[in-house]
Every structure is written in C-alpha cells, then in structure tokens.
Amino acid sequence: MPEEDLVELKFRLYDGTDIGPFQYSPTSTVSVLKERIVADWPKDKKIAPKTANDIKLINAGKILENSKTVGQCRAPFGELPKAVITMHVVVQPSLAKAKTEKKVDEIPRKCSCAIM
C-alpha cells in the first residue's frame, strides 16, 4: 500500500498525554486501534484499561464502533493531506464489573451507632 494512503492517528488520554502518532491503513478496524492502545498504554498511569473492551474511542464527537474501519471514521475536513488525526480515549470498565460493584453497594449495611 502506498504511504500516502495511510492515515496518521494519535490517541489523547484523560490527562492530556498522547499515544502515537501511528500510521494505519484505512481498512484497519477500530478494534485493532483499541488493541494497540492497550498494548502501548503507559505503565505509570493510575487509570489503565485491562482489555480493549474497557476503551471507548471518540472522534469528531462520536463514539466509534469496533466494526468500523479507520476510513469510515475519518471526519471530512476537506483536503488536509498528511494531517494527524487525534482521537480521544475514554477508559470505562466493562458492564459486568460495574454490575458486580453495584450489587456490593446495594447490600444493606447494619450500623451500630449509639447517640449519647
């Protein structure tokens, strides 16, 4: 594939730091991008995804679907050759973990307080 067909992406984390930029084929899927983010996640961050499913990618105000390709996700910016596209990364735990934590919070707690 000619180099001019590649799309250059960087991923902005919650604290303003970036992962990348990297070049991807327009046929690469969003799930491939998420796997790369998990693999390259900085080790010194307090918040970190455990799997690619814990990540939401946002581009041009839209959450990207895993099955979409990079070419489908590019926002039309006119003719901007060789521009780096910044996608925002949100770490969000999976629903199974969130439901488990919610069940723990719903357990009634007994208080043995004494008012004097």
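## The nonpolar core

In this predicted model, the largest nonpolar core comprises 19 residues. Those with the most contacts inside this core are Leu 9, Phe 11, Leu 33, Ile 37, Leu 57 and Val 89. At least two core residues come from each of the following elements: the strands β1 (7-12), β2 (18-24), β3 (55-59) and β5 (85-91), and the helices α1 (30-40) and α2 (70-73).

Phe 11 illustrates how these parts meet. Setting aside neighbours within four places in sequence, Phe 11 is in contact with Leu 33, Ile 37, Leu 57 and Val 89, among others.

## Overall composition

The secondary structure consists of three helices and five strands. Along the sequence, these elements follow the pattern β-β-α-β-β-α-β-α.

The protein has 116 residues, of which 25% count as buried. Its accessible surface comes to about 8400 Å², and carbon and sulfur atoms account for 55% of that area. Among contacts with a separation of 6 or more, 60% are between residues 24 or more positions apart.

The five strands form an open sheet in the order β2-β1-β5-β3-β4, with mixed pairing.

## Pairing between strands

β1 and β2 run antiparallel and are joined by five bridges.

The pairing of β1 with β5 is parallel and extends over four bridges. Here Lys 10 has Thr 86 in β5 as its bridge partner. β5 is also joined to β3, again by four bridges, but these two strands run antiparallel. In this pairing, Val 91 in β5 stands opposite Ile 55.

## Summary

In the strand order, β5 lies between β1 and β3; it pairs in the parallel sense with β1 and runs antiparallel to β3. Both β1 and β5 contribute at least two residues to the largest nonpolar core, in which Leu 9, Phe 11 and Val 89 are among the residues with the most contacts.

Definitions and conventions
Residues are numbered from 1 along each chain as its sequence is written. This is a predicted model: local features need pLDDT of at least 70, side-chain atom pairs count only at pLDDT 80 or more; totals for chains, interfaces and linings use all residues. Side-chain values use heavy atoms; hydrogens and water are left out. A nonpolar core is a set of buried Ala, Val, Leu, Ile, Met, Phe, Trp, Tyr and Cys residues joined through side-chain atoms within 4.5 Å. Buried means under 20% relative accessible area, exposed over 50%, partly exposed in between (1.4 Å probe, protein chains only). Contact means heavy atoms within 4.5 Å. Two strands pair if DSSP finds at least two bridges between them. Accessible areas come from the Shrake-Rupley method with a 1.4 Å probe; for residues, only the protein chains shown count as cover.
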